[in-house]
Amino acid sequence: MRLLIQNGYIIDPAQGLNTGKNLFIEDGRVVGVLGYSDPIPHATELFDATGLIVAPGFIDMHVHLREPGHEYKETIASGAAAAVAGGFTTVCAMPNTSPVNDSAAVTRFVIEQAERAALASVLPIGAVTKNSEGTELAEMGEMKDAGIVAVSDDGRPVPTAGMMRRAMEYARGFDLPVIDHCEDKSLARGGAMHEGHWSLVLGLRGMPAAAEEVDAERDCLLTELTGARVHLAHVSTRGAIEAVRRAKQKGLQISCEVAPHHWALTDEACESYDTNTKMSPPLRSQDHIDAILEGLRDGTVDAIASDHAPHHADEKALEFDQAPNGIVGLETSVGLAMRLVNKGVISLERLVELCAMNPARILKLRDRGTLSKGARADITIIDPEMTWTFDVARSKSKSRNTPFDAYSFQGGVVATIVAGRIVHLHSEHSRRVLKDRPQTATR
């Protein structure tokens, strides 16, 4: 199939492109970026992108798809549907399923289910330790052969420096990044929210920022010791951001991500005891948010990741300190990120770096994160002027746990293209797609 995306504004930081161009795709690959004066080949499908941003497909490095084992919360198919609705062409599935993805068999199952869904690409992340119990390393080599792109015990942080060191050394041998949820359980255990003014007011046990920062400092030191590639997940504190900044200044192979809820809400949001404001790491105070925004501006932060964590309504209906952590985020991440663009915190180019180019670089997905010739034709198309309101009742996810229901946004996803196929198209933009009609490009 031949697809011509016509008259769009292409932003591709990997190529230094930031200009109005046409994009030609054939058989799931990018053929080339064409100028307005270049001859236009015949296309079986035309997408009129006038007034729209055409970017490399967005990649979410951190999602929980719950399958196998917890399909009542989410399936790979429903999670992939939420992903493309939110503008993500690729998502990376964390291993905390049942059974845990600590084997080649589970890795293959995840990939096969994603292929059946035929929506977003789902790249599995394997466990660091067997059953994510922190005592014995998992078979990383076998999982890599089966298709994992990284290892992590997310949700159950690797408990000791000794085990983390061995994990880093082992993963380095397979050229796999180690993704760590930084949390010292001896400091955080029993906490339900950020430790500070609001935990005191609400009478809830808090998790101090130091619980994250101790492990972040540990991981930076071990990165220097081992020479491994290390990625810190959902960084949420000033101290963790500063640890990453110092490590990068030393030239270490360390990267980090932030989740939209950690800049969009403070711990004051917990005042209503709404369990949709309970997550791990917890919502923090304004000082930590300021540090996150600074890291997004200055390049310390490498990626935006949703930490999409579906839970059934019955589970979230428990008392605040008993309810599970996490919210769904695949369909609101781009909207929340566009708020930063509209406020001048980051540029559109920086947004594409955070959501496409950098995740592809960190995971060494060499044919993604760019629109260069021969790249996989994964594309996210955004209307920066579109106003929309998130209605969780219409979400593609099986779960509804979000604090962002009824939030309004400016800037949203118009279309998501995976391997040259339009897998999501906003209903208000359906007239932009024409089939079997060769066109001449216009300015």
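This is a predicted model: local features need pLDDT of at least 70, side-chain atom pairs count only at pLDDT 80 or more; totals for chains, interfaces and linings use all residues.
Biologist: Is T90 buried or exposed?

Modeller: Buried means under 20% relative accessible area, exposed over 50%, and partly exposed in between (1.4 Å probe, protein chains only). T90 is buried, with a relative accessible area of 0%.

Biologist: Which residues does T90 touch?

Modeller: Contact means heavy atoms within 4.5 Å. Leaving out residues up to four places away in sequence, T90 touches F58, I59, D60, S121, L123, R368 and D378.

Biologist: How many residues of helix α1 are buried?

Modeller: Nine of the 10 residues in α1 (residues 76-85) are buried, so this helix is largely enclosed by the rest of the structure. They are I76, S78, G79, A80, A81, A82, A83, V84 and A85. These buried residues pack against β7, α2 (104-117), β8 (121-124), β17 (408-418) and β18 (421-425). After α1 comes G87, which has a positive phi, near 95°.

Biologist: At what angle do helices α8 and α10 pack?

Modeller: Axes are lines fitted to C-alpha atoms, for helices over the stretch in contact, and angles run from 0 to 180 degrees between N-to-C directions. Under 35 degrees counts as roughly parallel, over 145 as roughly antiparallel, 65 to 115 as roughly perpendicular and the rest as oblique. Helix α8 (residues 238-249) and helix α10 (residues 286-298) pack at about 25°, with axes 8 Å apart. They are therefore roughly parallel to each other. On the α8 side, the contact is made by R238, I241 and R245, while residues of α10 in it include D287, H288 and D290.

Biologist: How do the residues of that contact divide?

Modeller: Ala, Val, Leu, Ile, Met, Phe, Trp, Tyr, Cys and Pro count as nonpolar, Asp, Glu, Lys and Arg as charged, and the others, Gly among them, as polar. The contact of α8 with α10 has three nonpolar, two polar and six charged residues.

Biologist: Which residues of the largest nonpolar core touch the most other members?

Modeller: A nonpolar core is a set of buried Ala, Val, Leu, Ile, Met, Phe, Trp, Tyr and Cys residues joined through side-chain atoms within 4.5 Å. Here the largest has 84 residues, and F58, L232, W263, L296 and L351 touch the most other members. Helix α12 (residues 333-342) gives this core its largest share, six residues. Apart from it lies another core of 19 residues, among them L3, L23, L371 and I379.

Biologist: How many disulfides are found in the whole structure?

Modeller: A disulfide is a pair of cysteine sulfur atoms within 2.5 Å. The search finds zero. Take C92: its closest cysteine sulfur, in C355, is 13 Å away, too far for a bond. C92 is also buried, with a relative accessible area of 0%. For C220, the closest cysteine sulfur belongs to C182 at 7.8 Å, again too far for a bond. C220 counts as buried too, at 7% relative accessibility.

Methods
Residues are numbered from 1 along each chain as its sequence is written. Side-chain values use heavy atoms; hydrogens and water are left out. Helices (H or I, at least four residues) and strands (E, at least two) are DSSP runs, numbered from the N terminus.
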